[in-house]
Amino acid sequence: MSRRRATTLLWQLAIGVGFLVYWQYAWDLHDKVPWLVPELFDPYFVSKPSDIFAQFLHLGCLQTVKGEWTLPGSAGFAACMSKSENNLWAATYFTLVNTLWGFAWGVSIGFALGLLLGRSDRLSEIFYPYITAFNSVPRIALAPIIILAFGIGDASKIVTALLVVVFLVFFNTFEGARSVDRDHINAARLLGASEWQVTRTVIMPSTMAWLFASLTPAVSFALIGVIVGEFIGAEHGIGRMIIEAEARGEASGMMVAVFVLATVGTILSAGVLKLQRWLLRWRPAEQRQT
Amino acid sequence: MSVAASRSRIDVKGLRKTFAAPNGGGGREVLAVDNASFTIGDGEFVALLGPSGCGKSTILNMVATLITPNGGAIAVDGQPVVPGRPMRQVGYVFQKDTLFPWRTVEDNIGYALELAKVPVEERRQRVAEAIRLAGLEGFAKFYPFSLSGGMRQRVSLMRTLITQPEILLMDEPFGALDTHTKLDMHSVLLSLWEKTRQTVLFVTHDLGEALTLSDRVILMSARPGRVKDDFRIDFPRPRNAVALRETPEYANLFQRIWHSLGEEFAKSHGAQEAS
């Protein structure tokens, strides 16, 4: 490890630990030095690390309210899991699965539409005003309508995520489909490619490069879509967990959910980034992330 | 003459092409090719030589069905050429690098076979053979971005040659390469062609290249492109791309054509100054 890298890591660690310590203990000093500890750090709003960790163990069925450990595999863990239908693990699972479905559908539909309109001047001309109009609507504003139409089950979350993702992917694909190198198309034709073969072997792979560039933001967007959907009405999921904790005035519960979301979001982004790097392995390394 | 007696493969008659003048140009048109006519016989290697902007690439692209002519006729093997409908027996090598960047060397070379649904086993053998012929052993799994310009152009050449085209159209394929790589490519092309003897129409502005490779040099005038002269190049084959350039015969012919070509370069230079 280089010296520079070591210094960076040390700083990062110091900031993280410093922040946690401040969060845990600073409120005790509020009365003495109010300018150093603003009202916002009232544990009623933001809880504190120790409470959040305890709440995590509780929501995750790892410890009973009395402080008895119920680790996975024990009878207590199984009982807790079956009793609470929106325990931390179930909530994470549903949010994650709905995010991935919304992402997959959004990417597929966005790619198909982008390819179709990007390769047809006529169609893009006709649909142009509608796409512009629809794109200017904040997608999240549609979430309540979607819940109304698709119910409070998983479908509405998937549709919300899909809507958030689809435009992002559509515009990237559209640009990509328009900028396919004419000489690549000519080369393929001269080597005997039919129209469909040109589409499949030149237009699609060359557009894919643009599509891949939109995947990392798309997966974060999908997660946002699902959470908002869960806020408005859901049977389970992390979003619902946040709303429940809020109703109980339980900051620690909300904070657990936020930490779980941060973890899920990081893992999803890292996974997609890895996928994107592999799919774009035919590009020089410095261009693989654009 | 033996070549004249053999059947003609490419017939170009009274070919004409105009382009809209650049930057709007007020609806003016520029005459790029004017009444160009020539015939290329079976197995002939013909260089189409002229200053830049003389319309030689335009002629080639019209033969390749990439550009629609405004007048005249082109026939390949007696069949009239239809724009946008490439002919099966014709192969084309671009000046620009048109390798598919998302395909490895072997997948680029095997592309046409894949389109034609050649069985995997046969495809693998033919691609391996092509890689060997082009001296690209060990690079089969490389992506184009990691290859040098010369290597990319070899892959390009093999991607076209693997279809075994009877007629090969080449648009300044080595124009972007440095002198040494270019000479190297001449050797590769000569050794490949002297075995197979396809009919070749090779566009270039490099007289040395034209003399090294071809049986005939068709000299184009400056814009608008017309056929100005037609030289027969009788150097014995097989040729050595490097040694050939040191023979007195080469020097003689070079000088003769150079004079004629020089006049056209001067004209095209004058035209650029004037415009």
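## Close-up views of a predicted two-chain model

**View 1. Strands S9 and S10 of chain B form an antiparallel pair.** Five bridges hold S9(B) and S10(B) together in this predicted model. One of the pairs is B:Arg216 with B:Arg232, the latter in S10(B). S9(B) itself is largely enclosed by the rest of the structure, because four of its five residues are buried.

**View 2. The loop between S9 and S10 of chain B holds B:Ala222 and B:Pro224.** Is B:Ala222 buried or exposed? B:Ala222 is buried: 23 other C-beta atoms lie within 10 Å, and the cut-off for burial is 20 or more. B:Ala266 is 44 residues away from B:Ala222 along the chain, yet their C-alpha atoms are 8.7 Å apart. The peptide bond leading from B:Arg223 into B:Pro224 is cis, and its omega is near -5 degrees. Most peptide bonds are trans.

**View 3. A cis bond also joins B:Arg237 to B:Pro238.** Omega for this bond is about -5 degrees. B:Pro238 belongs to the loop between S10 and helix H9 of chain B, the helix covering residues 248-274.

**View 4. Six strands of chain B make an open, mixed sheet.** What is the strand order? Across the sheet it reads S6-S7-S8-S3-S9-S10. The edges are S6(B), residues 90-93, and S10(B), residues 227-232; each of these pairs on one side only. From one strand to the next, the twist averages 15 degrees. Helix H2(B), residues 56-63, packs on the sheet. H2(B) touches S3, S7, S8 and S9 of chain B. The direction of H2(B) makes about 150 degrees with that of S8(B).

**View 5. Two parallel pairings lie within the sheet of chain B.** S7(B), residues 167-171, runs parallel to S8(B), residues 199-204. Five bridges join S7(B) and S8(B). Which residue of S8(B) partners B:Leu168? The bridge partner is B:Val200. S3(B) and S9(B) are also parallel, with four bridges between them. Here B:Ala47 faces B:Val217 of S9(B). In a regular strand, side chains alternate between the two faces of the sheet.

**View 6. B:Thr65 has a positive phi without being a glycine.** Its phi is about 75 degrees. Most residues other than glycine have a negative phi. B:Thr65 lies in the loop between H2 and strand S4 of chain B, where S4(B) spans 71-76. B:Thr65 counts as buried, because it has 21 C-beta neighbours inside 10 Å.

View 7. An α-helix has 3.6 residues a turn, so residues three or four places apart point the same way.

**View 8. A:Cys61 follows H3(A) with a positive phi.** The value is about 60 degrees, although A:Cys61 is not a glycine. Its place is in the loop between H3 and helix H4 (75-83) of chain A. A:Cys61 counts as buried, because it has 24 C-beta neighbours inside 10 Å.

**View 9. Helices H5 and H8 of chain A pack together.** H5(A) covers residues 88-118 and H8(A) covers 154-178. Their axes lie 6 Å apart, at an angle of about 35 degrees. The crossing of H5(A) past H8(A) is right-handed. What makes up the contact of H5(A) with H8(A)? It contains 20 nonpolar, 11 polar and three charged residues.

**View 10. Chain A meets chain B.** Chain A supplies 14 residues to the contact and chain B supplies 17 residues. On the side of chain A, the elements giving two or more residues are H9(A), 182-190, and H10(A), 195-232. H9(A) gives the most, with six residues. The side of chain A that touches chain B has seven nonpolar, four polar and three charged residues.

Definitions and conventions: Residues are numbered from 1 along each chain as its sequence is written. Chains are lettered from A and ligands numbered from 1 in the order in which they are written. This is a predicted model: local features need pLDDT of at least 70, side-chain atom pairs count only at pLDDT 80 or more; totals for chains, interfaces and linings use all residues. Axes are lines fitted to C-alpha atoms, for helices over the stretch in contact, and angles run from 0 to 180 degrees between N-to-C directions. A crossing is left-handed if the near helix is turned anticlockwise from the far one by less than a right angle, and right-handed if clockwise. Ala, Val, Leu, Ile, Met, Phe, Trp, Tyr, Cys and Pro count as nonpolar, Asp, Glu, Lys and Arg as charged, and the others, Gly among them, as polar. Two residues are in contact if their C-beta atoms, placed from the backbone, lie within 7 Å. Two strands pair if DSSP finds at least two bridges between them. A residue is buried if 20 or more other C-beta atoms lie within 10 Å of its own, exposed if 12 or fewer, and partly exposed in between; C-beta atoms are placed from the backbone.
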